[in-house]
Amino acid sequence: MGAGETVSLVAGTFDRLHVAHITLLYEAFKLGTRILIGVVENGSQILEYKIGKPIEPYRVRVGSVRSVAEILSKLMGGRVYEIIPIKGPYDIVLDRENIDYIVVSEETFPRALKINLLREKAGMNPLKIVVIPIIHSEDGRPVSSHRIRLGELNRYGDLILNFEEIKEVRMGCV
């Protein structure tokens with residue numbers, strides 16, 4: 001990484017890329033001249049707890065992230081980005097010294113604190129943590145890949161079915 005670069009990091013599953021993911025990516029691109037984007041690989045233990053429809057294949061998720069990253073890079077003067085396969089939350093952050101920022105959601109903020117503890121134990125500089133507020137759908141609940149997989153929301157956070165319809169579908173009444 002070159003002198004004078006500001007490196008930001010964002011990482012996740014990026015399943016069914018949605019408005020909250022795009023917000024995280026946007027913030028990472030605003031902060032860094034070089035952006036590291038970790039995408040969880042298929043076969044990772046992180047993916048095993050997901051329920052509903054299957055997680056999109058890695059190549060699909062990377063393709064979605066790359067499409068957004070290309071647009072953001074062009075909008076922000078050709079920022080350089082790198083998409084990195086990861087198996088867990090500590091892969092990039094403990095492997096690379098020269099990272100300035102980590103962009104996380106409110107939900108993953110505690111993990112960012114743990115990352116900084118681990119970096120300090122390893123003799124590395126702590127990361128500046130940038131927390132993005134949770135984005136809520138029109139029903140007041142968070143936008144999430146899980147809710148999209150269940151058919152509750154589209155990728156923009158709009159409700160597809162109302163709560164009563166969802167309960168009826170899940171109970172087999174429709």
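This is a predicted model: local features need pLDDT of at least 70, side-chain atom pairs count only at pLDDT 80 or more; totals for chains, interfaces and linings use all residues.

Next, its two sides. Ala 112, Ile 115, Asn 116 and Arg 119 of helix 3 are buried. They cover an arc of only 100° around the axis, so they sit on the same side of helix 3. An α-helix has 3.6 residues a turn, so residues three or four places apart point the same way. On the other side of helix 3, Pro 110, Leu 117 and Lys 121 are exposed.

What does the buried side of helix 3 meet? The buried residues of helix 3 pack against strand 4 (101-105) and strand 5 (128-132). Just after the helix, Gly 123 takes a positive phi of about 80°.

Now the strands. Tyr 101 belongs to the range of strand 4, and Lys 128 to that of strand 5. The charged end of Lys 128 sits over the ring of Tyr 101, 5.1 Å from the ring centre.

Tyr 101 leads on to Ser 8, which is in contact with it. Ser 8 lies in strand 1 (residues 7-12). Its relative accessibility is 0%, so Ser 8 counts as buried. A polar atom of the Ser 8 side chain lies 2.6 Å from the backbone oxygen of Ala 28. Leaving aside neighbours within four places in sequence, the contacts of Ser 8 also include Leu 31, Gly 32, Arg 34, Ile 35 and Leu 36.

The structure holds one aromatic pair. Its members are Phe 29 and Tyr 81. A pair of aromatic rings is described by the distance of the centres and the angle of the planes. Here the centres are 6.1 Å apart and the planes make an angle of 55°, a tilted pair. Phe 29 has a relative accessible area of 0% and is buried. Tyr 81 has 18%; the cut-off for buried is under 20%, so Tyr 81 is buried as well.

Conventions:
Residues are numbered from 1 along each chain as its sequence is written. Side-chain values use heavy atoms; hydrogens and water are left out. Helices (H or I, at least four residues) and strands (E, at least two) are DSSP runs, numbered from the N terminus. Buried means under 20% relative accessible area, exposed over 50%, partly exposed in between (1.4 Å probe, protein chains only). A polar contact is a pair of N or O atoms within 3.5 Å; within protein, one must be able to donate a hydrogen and the other to accept it, and residues adjacent in sequence count only if both atoms are side-chain atoms. Contact means heavy atoms within 4.5 Å. Rings of Phe, Tyr and Trp (its six-membered ring) pair if their centres lie within 6.5 Å; planes under 30 degrees apart count as stacked, over 60 as edge-to-face and the rest as tilted. A charge sits over a ring if NZ of Lys or CZ of Arg is within 6 Å of the ring centre and within 35 degrees of the ring normal. The arc is that of the directions from the helix axis to the C-beta atoms.
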